[in-house]
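Good morning, colleagues. Please look at the model on the screen while I describe how its chains meet.

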Amino acid sequence: MKRIVWLAAYPKSGTTWFRVFLANFLRNADRPVSINSLDGAMASERGLLHQALGFDTGELSFDEVDRLRPEVYRHLAATATGPRFLKAHDAYTFLPDGQPLFPPEATAGVLYFIRNPLDVCVSFAHHGGHADYERTIRRMADRQSCADGGIGGQVRMIYSSWSEHVTGWTHAAEQRVHVVRYEDLKRRPEETFTAALRFAGLPVEPERIARAIAFSRFEEVQRQEKADGFGEKQRAASSFFRRGEIGSWREALTPAQVARLVAAQGETMQRFGYLSADGTPVF
Amino acid sequence: MNPGVAHFNTAFGLNLRSCVALPGPAPLATAAAPEVEVGWGEVPDELPAASVRGARYQIAPGQFLFWVDGIARFLVSEGQRIVVQRAPGADDDDVRAFLVTSALGALLHQRGDLVLHASGIVTRDGGVVFLGASGVGKSTLAAALHRRGHAVLTDELCVVRRDAAGGGRIHPGFPALKLWPDALALLDLPAAGLRPVRRGIEKRVVPIAGGFATAAVPVRKVYLLTTTRRGEAVRLTQPEATRRLNLLHQHTYFPQIAVGLSGKAAHFQRVLELAQHLAITVVERPDRGADLAGLVRRVEEDLVA
């Protein structure tokens, strides 16, 4: 029953890159997989819920939908024939009755992706088609922040603040959690991708891993997006695979903006190696 | 089964007798024996002979069981009977929301109908169907075309039934459209005066008083509404004939349930009959900056082309 591997993260922290890598690793082909044919659904997709439930969630309240989600995940785990990867941007949320939104009994493990919030801020703003970093800094500090389900393809997701998101998932005592830092994926890919695969119970085959890393590198996904588009890009953004760098925040955020973000997120940043002891950003 | 207070209605070419009021006026004559009965009663926790089990539904020969937490349990049998076991605290709106969608959808599948997830309107050539995922704008488009003088056939469940002559006819559903506040705003309809589908939900029920189809019409055109993140304008394309079968299947009302209830062969046979005779036109609209008037214009141009 413990079949689901959650790919959990605050938005823009590297989950899509990992999914590209994973698709290439699992399919083990001799050429890169198309970025528009990635496996794995998002935990908050209405279609995923409808198929499991047999009815539409469109006329249910946010709370009613939330109460059904763990049931759907338990069902997916019970009917899975192997590990099932599901992406989740939700914070680690609890229902009114105290049970987690993401049921531990259905979960094989959590791969929690984390990225320097200074870079996340810039990336998140561009994903929304703007460069109003103040707005994004505020949003990342807002414990009430959510993505409104509305009528679209996703149900309501509670993001909470960046720090709460990180803390919630990494401190979930009832879950097996392995943290993957974006910066480590970039700087030490073999080691970091391998550790993630091992945690997920997948075979650690060095040649296969190396090939998947090559097929999912930034230049390749950027090339594919330019050629064929990427269905997961938001309309307002100019591109999804935009910069993919470490530290591009240095060219975008003012010192005052940095100070504001660090004031809100500093403790968590320190814990995950994004802030040195004297409070300066590491990356 | 306790029929309770009996409400009579006609929808999808069937006479219904229901313990819960259904959208639309009662037919003038109630002498005709109801073909479908909806009543209160006890619904079992499970179907022992179930061949398919979802998280909240089960399928057995001639039976469809599903339950919505805090609202009701439903048992749909033999295309003739729906038993509803209401949960404490659930009101008629709550029950109705799932009765006229999932329960009736399953019942129609059991009767051998092809049930599409679509809205429909009438043109001078016949019935036009708008397939699409939840939230894409099927009801909004139907409402806009209704305003342009087209009769409405249905909002969400579109029944295509083979008639004696062998073609497919769309049998009108319920004379109401369910619309979200932003769609109402696009249509200049005030949300305030309209009844919510259920308490706590912003979606409203818009009764169709005049301009609702009263008879079945042959199906003439099928559109598939989609949204795109690319571009600014509405784009119409026609997928190759080989893709029609799969597209129609995907936009059946709950395809896996249709297959589970009818069997794969029977279901695909029904879909094939429609796919063989009708092209599907995919209508791609930009997912932001809703230009309803522009969309309506493009569709109307295509209808007369």
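**The interface of chain A and chain B**

In this predicted model, eight residue pairs are in polar contact between chain A and chain B, both residues being at pLDDT 80 or more; a polar contact is a pair of N or O atoms within 3.5 Å, where within protein one must be able to donate a hydrogen and the other to accept it, and residues adjacent in sequence count only if both atoms are side-chain atoms.

On the side of chain A that touches chain B, helix 2 (46-53) and helix 3 (62-78) of chain A each supply at least two residues. Helices here are DSSP runs of H or I with at least four residues, numbered from the N terminus. Helix 3 of chain A gives the most to that side, with five residues.

The contact takes 24 residues from chain A and 35 residues from chain B, contact meaning heavy atoms within 4.5 Å. About 2400 Å² is buried between chain A and chain B, and carbon and sulfur atoms give 50% of that area; buried area is the accessible area (1.4 Å probe) that two parts lose on being put together, summed over both.

Which side chains meet in a salt bridge at 3.2 Å, N to O? They are those of B:K203 and A:E59. The rule finds four salt bridges across the interface, each a side-chain nitrogen of Lys or Arg within 4 Å of a carboxyl oxygen of Asp or Glu.

As to conventions, residues are numbered from 1 along each chain as its sequence is written, and chains are lettered from A and ligands numbered from 1 in the order in which they are written. Local features need pLDDT of at least 70, side-chain atom pairs count only at pLDDT 80 or more, and totals for chains, interfaces and linings use all residues, while side-chain values use heavy atoms, with hydrogens and water left out.
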